[in-house]
Amino acid sequence: MAFEHVDYKSLDVPDAPFAHPERIPSFPKGTVPKHVGIIMDGNGRWAQQRGLIRTEGHQAAEPVVFDTIAGAIEAGVRYLSLYTFSTENWKRSPQEVRFLMGFSRDIIRRRVAQMDEWGVRVRWAGRRPRLWKSVITELESAMERTKHNSVIDVVFCINYGGRAEIADAAASIAKQIRDGKISGDRVTERMIADHLYNPDIPDCDLVIRTSGEQRTSNFLPWQAAYAELDFVPELFPECGREVLWRSIEHYVQRDRRFGGVKAK
Ligand code: IPE
Ligand code: IPE
Ligand code: MG
């Protein structure tokens, strides 16, 4: 069967960035998307196809996450947002939710040294309420440890929902108006952008979703309003840096107009 060639165990320790420079495609200067978002989908189906349980699919995704981060560094991506757990994922079974919480916490703890070594600045986008305290603690400690790194910002979107983010921004603006910190007669796009979870991070240029689903499932609706979209057929555990590079190659071919007209 098609998936037999994928030996995910061999990816357990992904090659560090630039371990094999000859494999990295050369993207024309200035064409690489600055901010890439990935909807890492298909772990459950990957497991199901192999007669495994869903959580084994999440486990198989771990090395792929780090292979993808290494590939993003190699390509020169500056911001990488990874959709890890959505505000809607609480609807899953208590066992799966528990697994995903514990697993996120453990991954951040286990991989922070590697990320630090690679020059990754760890970030988080998401809502605090409901999220496990231990996940927040681990994220905060990783963010503190890596705050001076500047090779790439990796944003773990955990308990993230785009509508929640915009609602939280609106609530925070309302509070500032109440407190007399801003005058309330005009709400601008800039003001909303400034109240998002990470206002310093630029808009998303490219959103990739794996597993063939063609929807964005509440991922970065504000930041990706003008992003190019690439829906790739591979289930996330079958992915890795080559899949990211292929999407960047597609992106490089796109003609981004932002509502304007391209000069001939
Ligand atoms: C993505 O894989 C991971 C998370 C949403 C946490 P899924 O778990 O959604 O896998 P499928 O879509 O059921 O195959
Ligand atoms: C989106 O995948 C969320 C993450 C990848 C974390 P889902 O599998 O939860 O999305 P739907 O349910 O297919 O829209
Ligand atoms: Mg899914």
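Q: How far does an oxygen atom of ligand 1 lie from a polar backbone atom of asparagine 43?
A: The model is predicted, so local features need pLDDT of at least 70 and side-chain atom pairs count only at pLDDT 80 or more, while totals for chains, interfaces and linings use all residues. Residues are numbered from 1 along each chain as its sequence is written, chains are lettered from A and ligands numbered from 1 in the order in which they are written, and side-chain values use heavy atoms, without hydrogens and water. A polar contact is a pair of N or O atoms within 3.5 Å; within protein, one must be able to donate a hydrogen and the other to accept it, and residues adjacent in sequence count only if both atoms are side-chain atoms. For asparagine 43 and ligand 1, the distance is 3.1 Å.

Q: What percentage of the accessible area of ligand 1 does the protein cover?
A: A backbone N or O atom of glycine 44 lies 2.9 Å from an oxygen atom of ligand 1, and a polar side-chain atom of arginine 92 lies 2.7 Å from an oxygen atom of this ligand. Accessible areas come from the Shrake-Rupley method with a 1.4 Å probe; for residues, only the protein chains shown count as cover. On its own, ligand 1 has 380 Å² of accessible area, of which the protein covers 86%.

Q: Which element gives the largest share of the shell around ligand 1?
A: The shell holds 13 residues (near means a heavy atom within 4 Å), with Asp41, Gly44, Arg45, Arg54 and Arg92 the closest. Helices (H or I, at least four residues) and strands (E, at least two) are DSSP runs, numbered from the N terminus. At least two shell residues come from each of α1, α2 (54–75) and α3 (94–118). The largest share, three residues, belongs to α1.

Q: Which strand gives the most to the shell around ligand 2?
A: Ligand 2 is surrounded by Ile39, Met40, Asp41, Tyr83, Thr84, Phe85, Asn89, Arg92, Arg209, Arg215 and Ser217. Three residues of this shell come from the strand that gives the most, residues 79–86, namely β2.

Q: What percentage of the accessible area of ligand 2 does the protein cover?
A: Oxygen atoms of ligand 2 lie 3.2 Å from a polar side-chain atom of arginine 92 and 3.2 Å from an N or O atom in the side chain of arginine 209. For the side chain of serine 217, the corresponding distance is 2.6 Å. Of the 390 Å² of accessible area that ligand 2 has on its own, the protein covers 78%.

Q: Which residues does UniProt list for "active site", and where do they lie?
A: The record is an unreviewed entry; UniProt positions are in the numbering used here, feature names are shortened, and annotations may be inferred rather than shown by experiment. The listed residues span 49 residues in sequence, yet no two of their C-alpha atoms are more than 12.1 Å apart, so they gather at one spot. A pocket, on a 1 Å grid over the protein atoms alone, is an open set of points where a 1.4 Å probe fits, with protein on both sides within 12 Å along at least five of seven lines, and lining residues have an atom within 4 Å of a point. The lining of the largest pocket takes in both listed residues, Asp41 and Asn89.
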